[in-house]
Amino acid sequence: MKSMKRKINLQFMVVALLAILATVSLVSVVYYKLFKSEVMSNLKEYTYLIVETNSGRVASDPAHVDFEVFNHDDMKLRVTVIAPDGTAIMDTNAEIGAMDNHSKRPEIKQAVKEGEGQAVRNSSTVGKSTFYYAYRLNDGYILRVAKETGSLVSVYLSSFPLIGVLCVFLLLACFFLGHYLAKSIIDPIDLLAENLDGTDSIKVYKELVPFVNTIKRQHQDILKNADMRQEFTANVSHELKTPLTSISGYSELIESGMAGSDDVVRFAKEIHKSSNRLLTLINDIIRLSQLDGGSSECDIFESVDLYEIAKGAVDTLGFAAEKNQVELNLHGSSQIVNANRQMMDELVYNLCDNAIRYNKPQGRVDITVSQSSNKEIFVEVVDTGIGISKENQERIFERFYRVDKSRSKQTGGTGLGLAIVKHIVSQHANARLELESELNKGTSIKLIFSEK
């Protein structure tokens with residue numbers, strides 16, 4: 001973070017320096033343009049004053065015109081009278097015999113053409129600029145008034161000490177301001193990095209609030225996922241331990257010869273039952289891991305007939321329903337949705353299997369595949385089983401969560417079936433689950449596909 005502060009300070013100083021130089025340059029240019037406009041305006045007024053007070057004498061008798069009378073406020077003006085052919089016939093600052101022809105001068109050419117003209121000529125050797133204003137008289141002669149001033153470069157050089165002091169002062173101010181701004185930007189981030197659990201107690205500027213909220217949510221999600229993984233690991237260990245302990249215990253009794261012939265058959269049956277439970281549990285854990293990891297099969301979507309899927313689940317679970325004395329019925333018609341076929345097989349199978357496992361003797365399970373009045377396609381599994389209390393309804397999709405743990409062990413449930421269902425639904429953006437249940441009266445779980 002210190003390097004970031006230095007970087008921000010450096011960038012701020014560079015921007016400040018460029019801004020100061022640009023401002024000084026712009027102000028100087030604007031000032032010079034205003035100064036030039038003012039000088040030209042004064043030269044024009046002075047020229048008009050000469051013409052008005054000496055009408056007819058400027059060209060015919062320039063030697064008797066006292067041009068210095070009009071040179072007020074020590075302006076140090078230079079006045080030149082030029083004949084129509086460009087020859088200088090009078091100049092207040094130079095010998096006319098040594099002067100060349102003026103017909104090619106830009107201010108003279110403009111005055112001949114338009115009646116008046118102006119020009120500025122700079123001398124790099126002496127650092128001076130000369131402003132010229134020329135006026136064409138009625139008889140074709142040109143009256144030119146000029147004034148020498150400092151050039152833009154000389155203006156810069158003369159004011160350089162003051163500008164330098166001002167720039168140094170502004171740079172120092174920008175340095176301290178940049179340091180304060182960098183500190184105010186970085187310090188809250190430093191505090192957040194050091195104390196992610198105490199984000200509520202850290203005061204941040206409003207622009208950082210969305211960032212803080214995002215970090216806070218992500219941190220909470222990470223902690224939540226860590227807790228879930230820890231809980232999942234503990235549950236997996238516990239769930240695996242139970243059938244393995246049973247298998248180990250019964251096999252040890254058989255191995256030691258302590259079990260009679262009748263007991264061996266019974267123990268073998270229990271070992272087989274625990275082995276099946278263990279295999280089912282391992283398969284469900286592997287399946288959840290595949291769904292969590294986003295296996296390639298999750299990307300395969302196609303047109304799937306939900307009625308065909310439901311019929312396959314009913315045929316597969318017919319023996320389990322008969323064994324549990326549960327009547328299994330399928331209703332509805334063919335309904336096509338865009339989904340992953342293997343996932344739909346798993347989802348409907350798990351819903352039906354759950355409805356059979358947690359049903360009552362002589363109970364029933366009704367599977368309906370249809371379309372609602374608002375054109376939504378659904379699969380609904382309704383049972384007459386033990387039901388789910390209100391406080392448990394929000395948790396039944398959690399991994400290893402069971403409403404009736406003793407019943408789960410009797411029926412061989414792993415507690416992962418509905419977790420797999422929830423995960424599959426999350427992989428389908430156009431699907432959602434709805435749950436309705438009442439304790440000791442039954443449960444309805446509906447998978448709904450909306451048009452997307």
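User: At what angle do α9 and α12 pack, and how far apart are their axes?

Analyst: Axes are lines fitted to C-alpha atoms, for helices over the stretch in contact, and angles run from 0 to 180 degrees between N-to-C directions. In this predicted model, α9 and α12 pack at about 145°, with axes 9 Å apart. The crossing is left-handed, a term for a near helix turned anticlockwise from the far one by less than a right angle, with clockwise giving right-handed. On the α9 side, the contact (heavy atoms within 4.5 Å) includes M343, M344 and L347, and on the α12 side it includes G417, L418 and V421. By class, this contact has 9 nonpolar, 3 polar and 1 charged residues. Nonpolar covers Ala, Val, Leu, Ile, Met, Phe, Trp, Tyr, Cys and Pro, charged covers Asp, Glu, Lys and Arg, and polar covers the others, Gly among them.

User: How many residues of α12 are buried?

Analyst: Buried means under 20% relative accessible area, exposed over 50%, and partly exposed in between (1.4 Å probe, protein chains only). Helix α12 (residues 417-426) is mostly covered, with 8 of its 10 residues buried. Among them are I420, H423 and I424. Over the chain of 452 residues, 37% are buried.

User: How are α7 and α9 oriented to each other?

Analyst: Angles under 35 degrees count as roughly parallel, over 145 as roughly antiparallel, 65 to 115 as roughly perpendicular, and the rest as oblique. The axes of α7 (residues 306-316) and α9 (residues 341-357) come within 9 Å and cross at roughly 50°. The two helices are therefore oblique to each other. Their crossing is right-handed. Residues making the contact include L306, I309 and A313 of α7, and R341, V348 and C352 of α9. This contact divides into 8 nonpolar, 1 polar and 3 charged residues.

User: Is Y132 buried or exposed?

Analyst: Y132 counts as buried because its relative accessibility is 8%. Y132 lies in strand β4 (residues 128-136); strands (E, at least two residues) and helices (H or I, at least four) are DSSP runs, numbered from the N terminus. Leaving aside neighbours within four places in sequence, Y132 is in contact with residues including M40, L43, E107 and R144. Y132 and R78 are 54 residues apart in sequence and 9.2 Å apart in space, C-alpha to C-alpha.

User: Which conventions apply to the numbering and the values?

Analyst: Residues are numbered from 1 along each chain as its sequence is written, and side-chain values use heavy atoms, leaving out hydrogens and water. Local features need pLDDT of at least 70, side-chain atom pairs count only at pLDDT 80 or more, and totals for chains, interfaces and linings use all residues.
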